[in-house]
Amino acid sequence: MLIWIGNIILLFVYALVFKLSNLNKNGRSILIFVVMFGQLMFLYTLKDHTIFNDLWAYLEGFHNSKEVGWIELYKIQDFNSYLRYELGWRYFTKLMSSLFNNELIFTFTTGAFITYSYFNLIKKYSLVHWFSIFLFISIVFYNSMFVLRQNVAIAICLYAIPYIIDRKLWKFLFVIGIAFLFHKTAFVFIGLYIIYPLKINYKFYIYLLAFFLIIKFVSFIILQFTVDAGFSAVYLLEESRANITPFLISLSLVLFTGFILYPLKNIDNDEKLFFIMLCILMVFDLSRTDLFGTIGRLGKYLFPATIILIPNITEKINNPTFRVLIRILIIVLFSITSLQALNYGFKLSI
């Protein structure tokens with residue numbers, strides 16, 4: 001716990017020191033990315049792997065893949081339960097085990113790709129880099145340490161964001177197709193391409209309400225079928241035990257960003273996309289209350305909206321005092337939720 005808190009405190013210390021230095025804005029930006037990337041990779045690679053759920057299976061798969069030929073990977077489920085994953089992950093694991101005989105390199109490479117992808121997104125779209133890095137640590141980084149396949153898929157999807165805005169369908173589908181090979185939930189990103197052209201007006205919110213009702217209806221049917229069929233509902237319910245707090249947070253963020261960006265018809269293209277993502281995240285957070293965990297897993301694809309939009313919105317606040325107070329409030333809020341999300345704690349293996 002202390003290591004995790006120290007990691008966040010150091011980010012603020014770096015940001016302050018670089019701010020007081022003689023470096024220009026671009027120099028400070030490069031330095032904060034380099035220093036934090038190194039620090040986060042240190043934690044990601046040298047963490048105590050034994051305390052995280054599911055991570056053991058990925059590491060077993062890494063070692064067992066050495067015994068499997070490249071041609072046999074497509075039928076790996078017939079004789080190796082630890083590699084019963086999507087083809088993209090199977091071939092990535094096989095590639096890493098063929099090149100390196102060290103699971104730390106496998107861990108580092110996975111974490112480096114995820115972190116670099118988010119840092120690349122932050123560099124491209126965020127107006128306050130240190131703030132976005134803080135939100136990345138608070139919202140995404142811990143989960144990415146053991147939910148590897150889905151976080152790799154999300155990281156790949158981040159490269160499809162420009163194609164949503166520029167309406168480049170085939171390039172978008174190509175990127176999403178690659179992500180789908182790592183985790184099937186990547187299909188949710190296709191919805192963003194469809195929804196993005198909509199105007200943000202009263203009809204948009206009606207569509208959101210309809211979307212919420214559809215999710216509720218379909219989810220209850222799936223859950224009831226699962227229970228009636230005699231299957232265990234433990235996995236389906238595992239992420240629904242959370243209270244309504246995620247919805248209240250996302251609702252507050254939607255109201256706050258909507259207020260600052262009003263009138264919404266004048267917002268930039270990227271701001272529009274991230275605001276739509278935030279609104280859909282709010283619907284997911286409300287929908288997954290008392291429902292199965294898959295809804296929460298789909299919502300993870302929308303977390304980048306918070307990482308980018310919230311720092312950008314605070315930057316638009318003209319009153320310096322109010323801007324600082326809002327940022328402090330958000331930092332406290334997400335620091336608390338981050339600590340509550342440390343389900344397995346955090347320790348280093350050194």
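**Entry: Arg-327 and its partner**

I opened with Arg-327, which counts as buried with a relative accessible area of 14%, and I note here that the model I am reading is a predicted one. Which residue does Arg-327 meet in a salt bridge? I found Glu-315 as the partner, with the closest N and O atoms 2.4 Å apart. I placed Glu-315 in helix α16 and Arg-327 in helix α17, so this pair ties together parts of the chain that lie twelve residues apart in sequence. Glu-315, for its part, is partly exposed, with a relative accessible area of 37%. I also wrote down a network in which salt bridges with shared partners join Glu-86, Arg-149 and Lys-184.

**Entry: the other salt bridges I followed**

I looked up the total, and the count comes to five salt bridges. One of them is formed by Asp-48 and Lys-347, whose side chains meet with an N to O distance of 4.0 Å.

I then turned to Lys-316, which forms a salt bridge with Glu-271, the closest N and O atoms being 3.1 Å apart. This pair also links distant parts of the chain, since I find Lys-316 in the loop between α16 (303-315) and α17, and Glu-271 in helix α14 (residues 269-287), 45 residues away. Is Glu-271 buried or exposed? At 8% relative accessibility I have to call Glu-271 buried, whereas Lys-316 counts as partly exposed at 36%.

**Entry: around Asp-48**

Leaving aside neighbours within four places in sequence, I listed the contacts of Asp-48 as Lys-347, Leu-348 and Ser-349. I also looked at Ile-350, whose C-alpha atom is separated by 8.2 Å from that of Asp-48, although the two residues are 302 apart along the chain.

**Entry: Tyr-301 and His-183**

I next examined Tyr-301, which has its place in the loop between α15 (294-299) and α16 and is buried, with a relative accessible area of 0%. What does Tyr-301 touch, once neighbours within four places in sequence are left aside? The contacts I recorded are Gln-150, Ala-153, Ile-154, Cys-157, His-183, Thr-185, Ala-186, Val-188, Phe-189 and Met-277. For Gln-150 I took the spacing as well: Tyr-301 and Gln-150 are 151 residues apart in sequence and 9.1 Å apart in space, C-alpha to C-alpha.

His-183 is on that list, and I traced this residue to the loop between α9 (169-180) and α10 (190-195). His-183 is buried too, with a relative accessible area of 11%. Not counting residues up to four places away in sequence, His-183 touches Glu-86, Arg-149, Gln-150, Ala-153 and Tyr-301.

**Entry: how α2 packs on α5**

I looked at α2 and helix α5 (residues 103-125), which pack at an angle of about 145 degrees with their axes 9 Å apart, and I read the way α2 passes α5 as a right-handed crossing. Among the residues of α2 that make this contact I noted Phe-33, Met-36, Phe-37, Leu-40 and Tyr-44, while α5 contributes residues including Leu-104, Phe-108, Gly-111, Ile-114, Phe-119 and Lys-123. How do the residues of this contact divide by type? I have 14 nonpolar, five polar and one charged.

**Entry: the chain as a whole**

The secondary structure of the protein comes to 17 helices and zero strands, and of the 350 residues, 51% count as buried. The accessible surface comes to about 17200 Å², of which 67% belongs to carbon and sulfur atoms. Among contacts between residues at least 6 apart in sequence, I noted that 76% join residues at least 24 apart.

Note on methods:
Residues are numbered from 1 along each chain as its sequence is written. This is a predicted model: local features need pLDDT of at least 70, side-chain atom pairs count only at pLDDT 80 or more; totals for chains, interfaces and linings use all residues. Side-chain values use heavy atoms; hydrogens and water are left out. Helices (H or I, at least four residues) and strands (E, at least two) are DSSP runs, numbered from the N terminus. Buried means under 20% relative accessible area, exposed over 50%, partly exposed in between (1.4 Å probe, protein chains only). Contact means heavy atoms within 4.5 Å. Accessible areas come from the Shrake-Rupley method with a 1.4 Å probe; for residues, only the protein chains shown count as cover. Axes are lines fitted to C-alpha atoms, for helices over the stretch in contact, and angles run from 0 to 180 degrees between N-to-C directions. A crossing is left-handed if the near helix is turned anticlockwise from the far one by less than a right angle, and right-handed if clockwise. Ala, Val, Leu, Ile, Met, Phe, Trp, Tyr, Cys and Pro count as nonpolar, Asp, Glu, Lys and Arg as charged, and the others, Gly among them, as polar.
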